[in-house]
Amino acid sequence: MNENQVVAFLDLLAFSNHVRENTKDALMTFNNYQAILGVKKIDEQIFSSSIKNNPIIEKLAKQNLVSTFNYFLPFSDSIFITSNNPNLFLKQLGSFILNCFTFTSYHYYNPDDPSNPTIVKFNTKKETIIENFYPTLFRGGITLGEVIPIELQGIVNNKLTNVTNLAGKAVVRAVELENKIKGPRILFEKDLFDILDQETKSYTIETDVKGCYELLWTGFHYTMINGYSEINKFDELFIPAMNLWKANNHLRFSEHYFKFLELVVFGTIKIFDAFGHKEKAFRHIENFIISQGLEDKLESLLKSSK
C-alpha cells in the first residue's frame with residue numbers, strides 16, 4: 001500500500017459514439033496512444049546516455065518521456081496511470097496527452113471533408129480508401145493519496161492469467177473527477193496543487209469546480225526556450241480544434257469540442273503569461289480568432305484568460 005501516490009484516470013472522449021459509427025476506425029485511437037507510449041519508452045533509452053551534459057536539453061527531454069509512469073494500465077476505453085513524482089509526472093502526462101492528439105491532428109487542419117474532419121481519403125491505383133481518423137482526446141481526473149496495486153487472476157483465452165489492478169481511495173476519487181467537467185479536460189484536487197512547484201503550476205488553472213484545478217496540457221505544445229516566436233504555433237492547435245467543433249456544433253455533444261477550443265486558448269495564454277508575454281499573446285490570439293470568422297465567440301473563448 002502507498003498512501004502518497006499520484007493516480008490519473010483517463011477516458012477516451014467520445015469513444016462510445018465513435019464505436020457506434022465505426023468500430024474498426026474507433027479502435028485506431030488505441031493504436032495511436034500505444035504508438036506514442038512506445039516511442040516515449042524508446043526515447044528514454046536513447047536520451048538516458050545522450051543528454052546528461054546539457055541541462056536545458058535534459059530538462060526538455062525528460063518532460064517528453066514517461067519515466068515517472070510506474071503503472072500504465074489500459075482497460076476498455078480508459079487508462080490508469082500512477083506515479084510518485086507529482087511535478088514531473090504532470091508535465092509528462094500533459095506531453096503524452098498532447099502528443100496523442102497531434103498524432104492525427106494535421107488531418108483536421110485542412111480536412112478532406114470539412115463537414116467531417118475525421119474522414120481521411122487514400123487514393124490507390126484501384127480505389128479510394130476512406131477511413132475515420134478519430135481524435136485521440138482524453139478527459140480525466142488526477143488525485144493524490146492511497147493507491148494499492150494488486151494482482152488478480154483473470155481468464156484469457158480460457159486460461160487463468162495474472163492481471164494487475166489498482167484499488168484505493170485516490171483511485172475512486174480520480175474516477176469521480178472525470179465526470180465533473182466537459183471536453184478533453186484533466187481535473188485534479190487542491191491537495192495535489194499545493195505540493196506542486198511554481199513551474200508546474202504555470203501549466204494549471206483553478207476551475208469553477210469547487211476545490212479543483214485543471215492541467216492545461218495544450219501549454220506543452222510550446223517550447224518556451226524559443227521565446228515569444230512560439231506563439232506562431234498557435235494555429236497548429238486552434239485550427240484542428242476549431243474544425244472539429246464546427247463539424248459537431250449541431251450535435252448534442254458539441255459542448256465538448258467548444259470546451260476544447262477554450263482549453264487551446266487559455267492553455268496558450270497561461271504559459272505565455274508565465275514567461276512574461278501575456279498581453280502580446282492575448283492580442284495575437286484575439287486577432288487570430290477574428291481572422292477565422294469567430295468574432296461572436298471572442299468573449300467566450302477569452303473570458304478565462306483576462
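Helix α10 (residues 254-274) packs against helix α11 (residues 278-291) at an angle of about 155°, and their axes lie 8 Å apart; axes are lines fitted to C-alpha atoms, for helices over the stretch in contact, with angles running from 0 to 180 degrees between N-to-C directions. The two helices, α10 and α11, are therefore roughly antiparallel to each other, a term applied to angles over 145 degrees. This is a predicted model, in which local features need pLDDT of at least 70 and side-chain atom pairs count only at pLDDT 80 or more, while totals for chains, interfaces and linings use all residues. Residues are numbered from 1 along each chain as its sequence is written, and side-chain values use heavy atoms, with hydrogens and water left out.

In the contact (heavy atoms within 4.5 Å), Val265, Thr268, Ile269, Phe272 and Asp273 of α10 meet Lys278, Ala281, Phe282, Ile285 and Ile289 of α11. By class, this contact of α10 with α11 comprises seven nonpolar, one polar and two charged residues, where Ala, Val, Leu, Ile, Met, Phe, Trp, Tyr, Cys and Pro count as nonpolar, Asp, Glu, Lys and Arg as charged, and the others, Gly among them, as polar.

Strand β10 (residues 212-215) is covered on both faces, with Cys212 and Glu214 on one side and Tyr213 and Leu215 on the other all buried, that is, under 20% relative accessible area with a 1.4 Å probe and protein chains only. Strand β8 (residues 186-189) pairs with β10 in the antiparallel sense over three bridges, pairing requiring at least two bridges found by DSSP, and Phe188 stands opposite Tyr213 in β10. Strand β9 (residues 204-206) is likewise joined to β10 by three bridges, running antiparallel, and here Glu206 stands opposite Tyr213. In the hairpin of β9 and β10, which has five residues between the strands, Gly211 takes a positive phi near 75°.

Technical notes. Helix = DSSP H or I, 4+ residues; strand = E, 2+ residues; numbered from the N terminus. Parallel < 35°, antiparallel > 145°, perpendicular 65-115°, else oblique. Buried < 20%, exposed > 50% of the residue type's maximum accessible area, 1.4 Å probe, protein only.
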